[in-house]
Amino acid sequence: MSIRNSLGLRNAAIGGRMHSGWGALVVVSQNAGTIEVIERRRLVVATPGAPGGNQPYHFAKGLELPEAEKFLGDHFHASKLLASTAVRALADELRDRHYHVIGAAVLLASGRPLPSLEKILSSHPMIHTAEGEFFREVFSKACESLGIPVTGFRERNLDEDVQAAFGKTATRVQRQISTLGRTLGPPWTRDQKLAALAALVVLIASGNP
């Protein structure tokens with residue numbers, strides 16, 4: 001049986017794999033041990049046509065350092081507002097469908113700490129790295145602002161996390177996720193597969209059988 005809270009809502013978890021200005025979200029639940037993908041959508045976290053748009057650090061490179069700091073702070077605030085509005089709407093829709101979001105998962109890169117902004121803006125590869133971190137942080141902070149706890153999973157270690165969560169059934173779970181696209185239809189790319197796996201680990205950690 002699936003876990004229900006005191007209001008009779010079934011537990012669900014959101015998985016997110018972020019890109020520059022957008023992310024792929026997958027919501028999963030379980031019913032009698034069967035994995036259910038109950039929602040998929042594209043999360044837009046950059047205002048179309050706004051300066052910097054999907055590449056805020058690229059834009060900030062052309063500014064003086066104090067201006068760059070202010071621009072990035074303002075851009076983060078605007079992106080977080082977009083993300084929190086979208087995630088709140090998603091959680092409300094799920095509640096109407098009798099699901100309760102107990103947590104969220106976000107896919108991470110290497111996890112190395114970023115240097116100072118001055119050093120970031122002087123290195124093109126570091127600018128790309130910083131933008132990835134920027135939008136992952138936007139999603140995480142948006143969820144946390146709504147009271148949804150967030151767990152980060154390094155992509156390269158996700159198989160190990162799935163193994164730790166599911167034990168002997170890990171391979172079966174991974175196979176199920178890999179082939180779900182046959183019944184769900186598109187989109188079911190690497191984005192959705194990784195987001196779903198990470199969300200499932202969060203769901204299991206919550207005590208969902």
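Select helix H2 (65-96) and strand E4 (99-108): each supplies at least two residues of the lining of the largest pocket. Helices (H or I, at least four residues) and strands (E, at least two) are DSSP runs, numbered from the N terminus. This is a predicted model, where local features need pLDDT of at least 70, side-chain atom pairs count only at pLDDT 80 or more, and totals for chains, interfaces and linings use all residues. Residues are numbered from 1 along each chain as its sequence is written, and side-chain values use heavy atoms, without hydrogens and water.

Now show the lining: Arg88, Ala91, Asp92, Arg95, Tyr99, His100, Val101, Leu146, Gly147 and Ile148. A pocket is an open set of points on a 1 Å grid over the protein atoms alone, where a 1.4 Å probe fits, with protein on both sides within 12 Å along at least five of seven lines; lining residues have an atom within 4 Å of a point. H2 gives the largest share, four residues. Colour by type: five are nonpolar, two polar and three charged; Tyr counts as nonpolar and Gly as polar. The volume is about 180 Å³, taken as the space filled by probe spheres set on the points.

Next, select strand E1 (residues 10-19). Nine of its ten residues are buried, meaning under 20% relative accessible area (1.4 Å probe, protein chains only). E1 pairs with E4 in the parallel sense over seven bridges; strands pair if DSSP finds at least two bridges between them. Pick Ala13: its bridge partner in E4 is Gly103.

E2 runs antiparallel to E1, joined by seven bridges. Gly16 has Leu25 as its bridge partner in E2. Finish at the hairpin of E1 and E2, with two residues between the strands. Gly21 in the turn has a positive phi of about 90°.

Terms used. Buried means under 20% relative accessible area, exposed over 50%, partly exposed in between (1.4 Å probe, protein chains only).
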